[in-house]
Amino acid sequence: MKDYNNLTDYDGHILVKTARKIVTEYLKNGTNPKLEKEFKNNFSFKSGVFVTLNSTLGLRGCIGYPLPDKSLFSALEDAAISAATQDPRFPPVKHKELDSITFEVTVLTPPKKIVVNKPEEYLSKIKVGRDGLIVKHGFYSGLLLPQVPIEYGWNEEEFLEYTCEKAGLPKNYWKNPDTEIQKFEGIVFKEEKPNGIVTREML
């Protein structure tokens with residue numbers, strides 16, 4: 001059975017192209033396409049996943065599920081539609097836009113709490129290019145995927161600061177003893193151009 005550790009480049013191709021197919025069908029007809037039995041069987045393991053849409057102007061939508069609460073095929077379907085239609089930062093994607101948008105799928109490992117004796121230890125326990133982060137403090141929570149600090153050239157401390165900002169917290173709240181920080185890893189598959197070939201992004 002497939003899981004996070006044995007996904008192939010071809011699996012990535014299938015996941016990304018299926019995300020595009022799901023969004024295309026939904027925006028065109030308002031319905032979810034029927035997923036093939038083989039696809040469901042291959043991706044029936046439970047996994048977190050994010051779907052990211054990018055246009056020539058930058059990010060166009062990104063929604064996902066950090067926890068492995070659903071089968072990957074089901075989480076992918078929900079995340080793809082939500083990324084295109086429910087990201088509160090952007091208006092819903094229109095069908096005519098799809099030929100200028102690239103699709104990206106990130107499959108996640110389960111998040112794990114980082115245990116430290118003092119906040120400075122976080123800097124040595126996370127690695128830019130490998131880890132994604134989740135910051136939690138009270139009712140506040142924010143997540144950034146592993147590829148984000150690479151795209152912006154952040155170091156580990158900046159990564160912590162911007163994840164705090166994503167949670168709606170002050171930048172330095174990663175040093176607060178009541179703040180919980182979790183890390184996870186992700187495999188990123190993305191189209192090189194709209195409707196183009198899919199590659200595994202080496203972070």
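Trainee: Which residues does phenylalanine 159 touch, not counting residues up to four places away in sequence?

Mentor: Phenylalanine 159 touches Val128, Asp131, Gly132, Leu133, Leu144, Leu145, Pro149 and Trp154; contact means heavy atoms within 4.5 Å. Please note that this is a predicted model, in which local features need pLDDT of at least 70 and side-chain atom pairs count only at pLDDT 80 or more, while totals for chains, interfaces and linings use all residues. Residues are numbered from 1 along each chain as its sequence is written, and side-chain values use heavy atoms, with hydrogens and water left out.

Trainee: Why is phenylalanine 159 counted as buried?

Mentor: Buried means under 20% relative accessible area, exposed over 50%, and partly exposed in between (1.4 Å probe, protein chains only). Phenylalanine 159 has 1% relative accessibility, and therefore counts as buried. This residue lies in helix α6, residues 156–166; helices (H or I, at least four residues) and strands (E, at least two) are DSSP runs, numbered from the N terminus.

Trainee: What makes glycine 186 buried?

Mentor: Its relative accessibility is 14%, so glycine 186 counts as buried. Glycine 186 belongs to strand β7, residues 180–191, and its contacts beyond four places in sequence include Tyr4, Arg130 and Leu203.

Trainee: Why is threonine 102 called buried?

Mentor: Threonine 102 is called buried because its relative accessible area is 15%. Threonine 102 is found in strand β3, residues 102–108. Among its contacts, neighbours within four places in sequence aside, are Arg20, Asn54 and Glu191.
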